[in-house]
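Biologist: I would like to go through this model with you and ask, term by term, what each label rests on. Could we begin with the words used for burial?

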Amino acid sequence: TVTNSTKVPLVITEVGTFTLPEFSILSATCAAETELAANQSCQIQVQYVPTAGVNYNDQLRVNFTSKFDRSLAFSNSVNVIGTGVAPLVFAGADPIA
């Protein structure tokens, strides 16, 4: 959830992308040029699909400006962390039989 905790309207100028392919934006009500009034929120749903049994770390950045003064630009980011689990490998007898 992205919340405008200021007292002035903000405009989202960019919702960044992830550097790792294991993370992606599944859906979002936040997008470039979305205006958020004071205390208004929008959502970004992140999907995580690990490809190996290791730890993954990435970051999602959202850039903003003031609705009234586009020269006032700033950004906020959130770290995303996931742990992949290696697939189970069975040797010998069929475990389902």
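Modeller: A residue is called buried when its relative accessible area is under 20%, exposed when that value is over 50%, and partly exposed in between. Please keep in mind throughout that this is a predicted model.

Biologist: Why is I12 called buried?

Modeller: The relative accessible area of I12 is 0%, and the label requires a value under 20%, so I12 counts as buried. The residue is found in strand β2, which covers residues 10-15.

Biologist: Which residues are in contact with I12, leaving aside its neighbours within four places in sequence?

Modeller: With those neighbours left aside, I12 is in contact with C30, A31, A32, E33, T34, L36, C42, V62, N63 and F64, where a contact means heavy atoms within 4.5 Å. As for K67, its C-alpha atom is 9.3 Å from that of I12, although 55 residues separate the two in sequence.

Biologist: What makes the disulfide of C30 and C42 right-handed?

Modeller: The torsion about the S-S bond of C30 and C42 is about 105°, and the disulfide is therefore right-handed.

Biologist: Turning to the other end of the scale, why is F68 called exposed?

Modeller: F68 has a relative accessibility of 64%, and exposed means over 50%, so F68 counts as exposed. Its place is in the loop between β7 (55-66) and β8 (73-83). The C-alpha atoms of F68 and V11 are separated by 9.4 Å, while the two residues are 57 apart along the chain.

Biologist: And why does V78 count as partly exposed?

Modeller: The relative accessibility of V78 is 44%, a value that falls between the limits of 20% and 50%, so V78 is assigned to the partly exposed class. V78 has its place in strand β8, and, not counting residues up to four places away in sequence, V78 touches D58, Q59 and L60.

Biologist: What is the value of phi at N39, and why is N39 called exposed?

Modeller: Phi of N39 is near 65°, a positive value in a residue other than glycine. The relative accessible area of N39 is 63%, and the label requires a value over 50%, so N39 is exposed. N39 has its place in the loop between β4 and β5. E33, in the loop between β3 and β4, also has a positive phi in a residue other than glycine, near 75°.

Biologist: What is known of the largest pocket and its lining?

Modeller: About 310 Å³ of space lies in the largest pocket. Its lining consists of 17 residues, of which T1, V2, V62, F64 and N76 lie nearest the centre. At least two lining residues come from each of β1 (2-3), β6 (44-48), β7 and β8, and the largest share, five residues, comes from β8. The lining divides into 10 nonpolar residues, seven polar and no charged.

Biologist: Finally, how does the radius of gyration of the protein chain stand against that of a compact globule of 97 residues?

Modeller: A compact globule of 97 residues would have a radius of gyration near 13 Å, but the protein chain has 19 Å. Along its principal axes, the C-alpha trace spans about 70 × 20 × 20 Å. The protein chain has zero helices and eight strands, and buried residues make up 28% of its 97 residues. Among contacts between residues at least 6 apart in sequence, 62% join residues at least 24 apart.

Technical notes. Residues are numbered from 1 along each chain as its sequence is written. This is a predicted model: local features need pLDDT of at least 70, side-chain atom pairs count only at pLDDT 80 or more; totals for chains, interfaces and linings use all residues. Side-chain values use heavy atoms; hydrogens and water are left out. Helices (H or I, at least four residues) and strands (E, at least two) are DSSP runs, numbered from the N terminus. Buried means under 20% relative accessible area, exposed over 50%, partly exposed in between (1.4 Å probe, protein chains only). A disulfide is a pair of cysteine sulfur atoms within 2.5 Å. On a 1 Å grid over the protein atoms alone, a cavity is a set of points where a 1.4 Å probe fits but cannot get out, and a pocket is an open set with protein on both sides within 12 Å along at least five of seven lines; lining residues have an atom within 4 Å of a point. Grid points are joined across faces, edges and corners, and a volume is the space filled by probe spheres set on the points. Ala, Val, Leu, Ile, Met, Phe, Trp, Tyr, Cys and Pro count as nonpolar, Asp, Glu, Lys and Arg as charged, and the others, Gly among them, as polar. The radius of gyration is taken over C-alpha atoms; the globule rule is 2.2 Å times the number of residues to the power 0.38.
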